[in-house]
Number of protein chains: 2
Amino acid sequence: MTKARPVLTFWFEFASTYSYLSALRIAPLARAAGVELVWQPFLLGPIFKAQGWDTSPFSIYPAKGRYMWRDLARRCAELGLPQLHRPDPFPQNGLLAARIATYGQGADWGPEFVRAVYRAEFAEGRQISELDVLTRILNELGLDPEETRAAAQSDPVKSRLRAATDAAQTRGLFGAPSFTTSDGELFWGDDRLEAALEWAARPQS
Amino acid sequence: MTKARPVLTFWFEFASTYSYLSALRIAPLARAAGVELVWQPFLLGPIFKAQGWDTSPFSIYPAKGRYMWRDLARRCAELGLPQLHRPDPFPQNGLLAARIATYGQGADWGPEFVRAVYRAEFAEGRQISELDVLTRILNELGLDPEETRAAAQSDPVKSRLRAATDAAQTRGLFGAPSFTTSDGELFWGDDRLEAALEWAARPQS
């Protein structure tokens, strides 16, 4: 009897600043921990709305926002990532990108698409809601941009993204990045990535 | 010419859950890093009020609150701290304790008083607003409880605590624990304790 590899679900939202760090860090760390990843896009908008927020808390609470940009820049430096570009406007509209990522779940190109969108947003300062930006990324991945976009905007894919957002809320997610294990543990924030992988990888009784 | 030892200011609020972790962890880490600590009590109430909150965000946002208690319990286990006791009510009223800690700043007993209050609150489940609890702690530290309490509630000490809270706000603090360095860097959260010490200790140009 072979044991199933442990699984960690990585919940990300393209507008989320700290999700950028996790998206760029997670793959080699998961490999080293022997953990299989589910790359799970979702939308924070509906979840924030349920908390009474109509935009990012970093925009609503200026002191927290100012700190976040400084902390993120420091973390980028520590992690050897390119100098942080603060997206303008912030938060970016990541809906189309999230639909493409949903369509790409399980496909070989899925994780690389996610990383490329985050790099465009936070390392290159591009507008990830712009078709041009997403078209360039899809081209670089060897995909047909028109076709991919049409598939990503089909009803079944839209429904899957909505269902993922509902599932996130049901599981108690309130921010991104978040990580969930098959035994129901929730970890929030890039700072908990290592702890989440460790939890997922530990021997089940 | 001898160089001054680097200094890190540790901003804590007695109602703050993650400040408990930092208060119990910080002294040996600072010693190992060669960093001198300033134990700085302050009050989050006025800062939260300025953000439109009349209590802890963990009480205002239930999903975030549920997560925090679980995360804190996990962190206590990881750090080898006693099993977490969730204070009831939460948040606790830490005003008198903060005044005593302000009075004890720079005194030998200061840090041990802070740790004892946090242990009473989060490891023993005591009410830190109760005189009995604070009296027991002061007794154990070999202090005269009556005398200490009277000094802590004198106008100069009250003013110092108010001034510290104002200074926290001016420096951009929005939560606890926070850490500030002499060159003006701000770090927020127990997860940034190591980074803050590293920043404080790095050679100045």
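## The largest cavity and its lining

In this predicted model, the largest cavity is lined by residues of chain B, namely B:Pro6, B:Val7, B:Thr181, B:Ser182, B:Asp183, B:Trp199, B:Ala200 and B:Gln204. Sorted by class, this lining is made up of four nonpolar residues, three polar residues and one charged residue.

The space inside the largest cavity comes to about 30 Å³, and the structure as a whole holds one cavity of 30 Å³ or more.

## The sheet of chain B

Chain B contains an open sheet of four strands, which follow one another in the order E2-E1-E3-E4 with mixed pairing. At its edges lie strand E2 (36-41) and strand E4 (186-188) of chain B, each of which pairs on one side only. If direction is ignored, neighbouring strands of this sheet are turned against each other by 20° on average.

Within the sheet, strand E1 (residues 7-12) of chain B pairs with strand E3 (residues 178-181) of chain B, and the two run in the antiparallel sense, joined over four bridges. To find one of these contacts in the structure, look for B:Phe10, whose bridge partner in E3(B) is B:Phe179. Two residues that line the largest cavity, B:Val7 and B:Thr181, can also be found in the paired strands, given that E1 of chain B covers residues 7-12 and E3 of chain B covers residues 178-181.

## A helix across the strands

Helix H1 of chain B, which covers residues 17-33, lies across the strands E1, E2 and E3 of chain B. Compared with the direction of E2(B), helix H1 of chain B runs at about 160°.

Conventions:
Residues numbered from 1 in each chain as written. Chains lettered and ligands numbered in written order. Predicted model: local features only at pLDDT ≥ 70, side-chain atom pairs only at ≥ 80, totals over all residues. Heavy atoms only, no water. 1 Å grid on protein atoms, 1.4 Å probe; cavity = no way out; pocket = protein on both sides within 12 Å on 5 of 7 lines; lining within 4 Å. Points joined across faces, edges and corners; volume = space filled by probe spheres on them. Nonpolar A, V, L, I, M, F, W, Y, C, P; charged D, E, K, R; others polar. Pairing = 2+ DSSP bridges. Axes fitted to C-alpha atoms, helices over the stretch in contact; angles between N-to-C directions. Contact = heavy atoms within 4.5 Å.
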